[in-house]
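Subject: Structure handover

Hello,

Here is the structure I said I would pass on. Please open it alongside this message.

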Amino acid sequence: MQFQWYPGHMTKAKRQMQEDIKLIDIIIELVDARIPISSRNPDIDELGKNKARLILMNKADLADAKKTEIWSAYFKQKGCFTVCIDARGKSGMKLIQNAIMEACKEKIERDRRRGIKNRPVRAMVVGIPNVGKSTFINTYAGKASAKTGNKPGVTKGKQWIRLNKSVELLDTPGILWPKFEDQMVGLRLALVGSIKDELLNTDELAVSLLEILLRDYPGAVEERYGTKEKKAADVLIEIARNRNCLKKGNELDYSKAAALVIDEFRSGKIGRFTIEMP
Ligand code: G4P
């Protein structure tokens, strides 16, 4: 299957991000915990060199908890601070606050030596589309936060959200584009819903998904759909039958079954899965 991406406006977005990054102390990068590498663009490493970095493994509620731990250790070993979250809830926010302060320790210390007191750490959220940036900003900033207007020395029009006395967040996230290094990356992005479905062949996608699940999570598909077949394509036929996916004339509708499987995977109904490992 061929996956495509249209980077038309991405050059502009990248330039904007380069400008924004100059204004901040720490980059908060969101990745999808189910596909932590495929859902990031490694260009951020270059764009954000010299800046403190925090990786948030978002949608951890949909990912395999054991594998999330392995990924956390992987990122830590690469020198990144890491927190796993479900951006729809507030539970990870204390950990995030602590991680930001820890990651910016040197800057805070530098300020202190120069006699600058209480200057908030400035942060910016970045990530590829659909990874949960807006959700995170909404949850993290909440209602209580006040927007601070234009300030001297800050590019006109930039809005900062004052989170608390020690952190300010740029209100618009930086959008990165997914990087299609190989077809597997494209496949994983498609599976988690980060590529427009109109561009995809749902039947092939579902068969690829079933192959991955049958291999990495034996028993999960069988339990959800009552299937017995071993080969992914046969399993899809069985699912169409078991779930009564029919076309006019009572023929089995494989596309309907495929859409069902993909949808139930994305919403976590089949289980919590991580489909990429370090
Ligand atoms: P973006 O700004 O990075 O593009 O992403 P956004 O916040 O819009 O989030 C994309 C979708 O992911 C939203 O679903 C949002 O509710 C969901 N989401 C964000 N964070 C989490 C999380 O930690 N766990 C889970 N389970 N879902 C999360 P949506 O509005 O229903 O959009 P869609 O699912 O129809 O694409």
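Below are the findings, from the domains to the ligand.

This is a predicted model, in which local features need pLDDT of at least 70 and side-chain atom pairs count only at pLDDT 80 or more, while totals for chains, interfaces and linings use all residues. Residues are numbered from 1 along each chain as its sequence is written, and side-chain values use heavy atoms, with hydrogens and water left out.

The domain assignment divides the chain into domain 1 (9-171) and domain 2 (201-266); such bounds come from an automatic or database assignment. The centres of domain 1 and domain 2, taken over C-alpha atoms, are 38 Å apart.

The largest nonpolar core has 75 residues, and Ile28, Ile96 and Phe136 touch the most other members. Helix H8 (residues 202-216) supplies the largest share of this core, 7 residues. At least three residues of the core come from each of domain 1 and domain 2. A nonpolar core here is a set of buried Ala, Val, Leu, Ile, Met, Phe, Trp, Tyr and Cys residues joined through side-chain atoms within 4.5 Å; buried means under 20% relative accessible area, exposed over 50%, and partly exposed in between (1.4 Å probe, protein chains only). Helices are DSSP runs of H or I with at least four residues, numbered from the N terminus.

Leaving aside neighbours within four places in sequence, the contacts of Phe136 (heavy atoms within 4.5 Å) include Ile28, Leu30, Leu56, Met93 and Ile96. Another core, of 9 residues, lies apart from the largest one and has Ile55, Met57, Ala60 and Cys80 among its members.

Which residues come nearest to the ligand? They are Asp61, Asn130, Lys133, Ser134 and Thr135, out of 15 residues around the ligand, where a residue counts if one of its heavy atoms lies within 4 Å. Helix H6 (residues 133-141) gives the most to this shell, with 3 residues.

- Asp61: a polar side-chain atom is 2.8 Å from a nitrogen atom of the ligand.
- Arg88: a polar side-chain atom is 3.4 Å from a nitrogen atom of the ligand.
- Asn130: a polar backbone atom is 2.8 Å from an oxygen atom of the ligand.

Taken alone, the ligand exposes 720 Å², and the protein buries 60% of that (Shrake-Rupley method, 1.4 Å probe).

Regards

How values were computed: Helices (H or I, at least four residues) and strands (E, at least two) are DSSP runs, numbered from the N terminus. A polar contact is a pair of N or O atoms within 3.5 Å; within protein, one must be able to donate a hydrogen and the other to accept it, and residues adjacent in sequence count only if both atoms are side-chain atoms.
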